[in-house]
Amino acid sequence: MPEVESCDDSPEQQSGPETSREKKHVNRERPRRAQGKGQLSQDVQRRIGLQLRAMYSDVVNEGIPDRFTELLRRLDKPEKQ
Amino acid sequence: MTAPDDVRGAMLAAVPNLRAFAVSLCGDVDRANDLVQETLLRAWSHLESFEPGTNMSAWLFTILRNHFRTEYRKRRREVEDVDGGYAERLTAPEAQTGHIEFGELRKALLQLPPDQREALILIGASGFSYEEAAHICDCAVGTIKSRVNRARAKLAEILTVETVEEQGERSDGDLTTRVA
């Protein structure tokens, strides 16, 4: 909430060419500022999602370590307990 | 009692995903491998409880998840700083291979409560539906959804504290430069 304030009181203060330039800039900035955390966190969520899948598929891509092929081969005998 | 080759094949085929799930859950490759091994052994000795035609992968995930939760509770009681220890051991080799961001993500994952962690991985990485994840975790679909949401929010919070500050500084800097 305090973040929004700083962005809201700027437009009325000045006049002249400076203002239009600044206004343009402020307007361009506004969507990001106004939504603030929402937009940022969407972007963050997307990146976290991508990273999570990348991390996961890194392990998937290691395939089947020999120990598990061996294990299942050994298990593949009739079980007598 | 006989295990047809296709069952054995299906179990083997599930290994890569089981390992990825286990690594994401516990953050430790060696322990993950042990979890997978124990999962396969348990599955094998309870093959009669698997219904042919149903999802073998989901069945194995359920076994692994339950085993992890039992172990987690046991370890929690035995050692206090389990998670910190894993996180520490992880960062060193990963920093060398340039996968620092994965190291951070893994550490952050370990800070989540296990129920949120497992929900997020099942939905966000393993590709299960909410219904399947609910079945694996033995809870309601709505519970999975809220766990995933909480997990995402918490992860973002952990991983972005620095990023937000940096971006704030950077955009203020841009503003000054452009206006002046």
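This is a predicted model: local features need pLDDT of at least 70, side-chain atom pairs count only at pLDDT 80 or more; totals for chains, interfaces and linings use all residues.

Q: Fine. So how do H2(B) and H3(B) cross, and how many Å apart do their axes come?
A: Their axes come within 9 Å and cross at roughly 120°. H2(B) and H3(B) are therefore oblique to each other.

Q: Is that crossing left-handed or right-handed?
A: H2(B) passes H3(B) in a right-handed crossing.

Q: Which residues meet there?
A: From H2(B) you have Leu35(B), Val36(B), Glu38(B), Thr39(B), Arg42(B) and Ala43(B). On the H3(B) side they meet Leu60(B), Ile63(B), Leu64(B), His67(B) and Phe68(B).

Q: Let's stay on H2(B). What does it span?
A: H2(B) covers residues 29–45, 17 residues in total, and reaches 24 Å from first C-alpha to last. That is close to the 24 Å expected at 1.5 Å a residue.

Q: And which of its residues are buried?
A: Ala32(B), Leu35(B), Val36(B), Thr39(B), Leu40(B) and Ala43(B). They cover an arc of only 135° around the axis, which puts them on the same side of H2(B).

Q: Why would residues a few places apart point the same way?
A: An α-helix has 3.6 residues a turn, so residues three or four places apart point the same way.

Q: What do the buried ones pack against?
A: Within chain B, they pack against H1 (5–26) and H3 (56–78). Helix H4 (66–75) of chain A is a partner too.

Q: What about the face turned away from the buried side?
A: That face carries the exposed residues Asp30(B) and Ser45(B).

Q: Switching topic: what do the axes of H6(B) and H7(B) do?
A: H6(B) is residues 114–124 and H7(B) is residues 130–137; their axes come within 9 Å and cross at roughly 145°. H6(B) passes H7(B) in a right-handed crossing. The contact is made by Glu118(B), Ala119(B), Leu122(B) and Ile123(B) of H6(B) with Tyr130(B), Ala133(B), Ile136(B) and Cys137(B) of H7(B).

Q: What is it in contact with, leaving aside neighbours within four places in sequence?
A: Glu118(B) is in contact with Leu25(B), Arg65(B) and Cys137(B).

Q: And where is Asn66(B), and how does it count?
A: Asn66(B) is in helix H3 of chain B. With 15 C-beta neighbours inside 10 Å, it counts as partly exposed.

Q: What share of each chain is buried?
A: In chain A, buried residues make up 7% of the 81 residues. For chain B, 33% of the 180 residues count as buried.

Q: Last one: what share of chain B's contacts join residues at least 24 apart?
A: Among its contacts between residues at least 6 apart in sequence, 62% do.

Methods. Residues are numbered from 1 along each chain as its sequence is written. Chains are lettered from A and ligands numbered from 1 in the order in which they are written. A residue is buried if 20 or more other C-beta atoms lie within 10 Å of its own, exposed if 12 or fewer, and partly exposed in between; C-beta atoms are placed from the backbone. Helices (H or I, at least four residues) and strands (E, at least two) are DSSP runs, numbered from the N terminus. The expected span of a helix is 1.5 Å times one less than its number of residues. The arc is that of the directions from the helix axis to the C-beta atoms. Two residues are in contact if their C-beta atoms, placed from the backbone, lie within 7 Å. Axes are lines fitted to C-alpha atoms, for helices over the stretch in contact, and angles run from 0 to 180 degrees between N-to-C directions. Angles under 35 degrees count as roughly parallel, over 145 as roughly antiparallel, 65 to 115 as roughly perpendicular and the rest as oblique. A crossing is left-handed if the near helix is turned anticlockwise from the far one by less than a right angle, and right-handed if clockwise.
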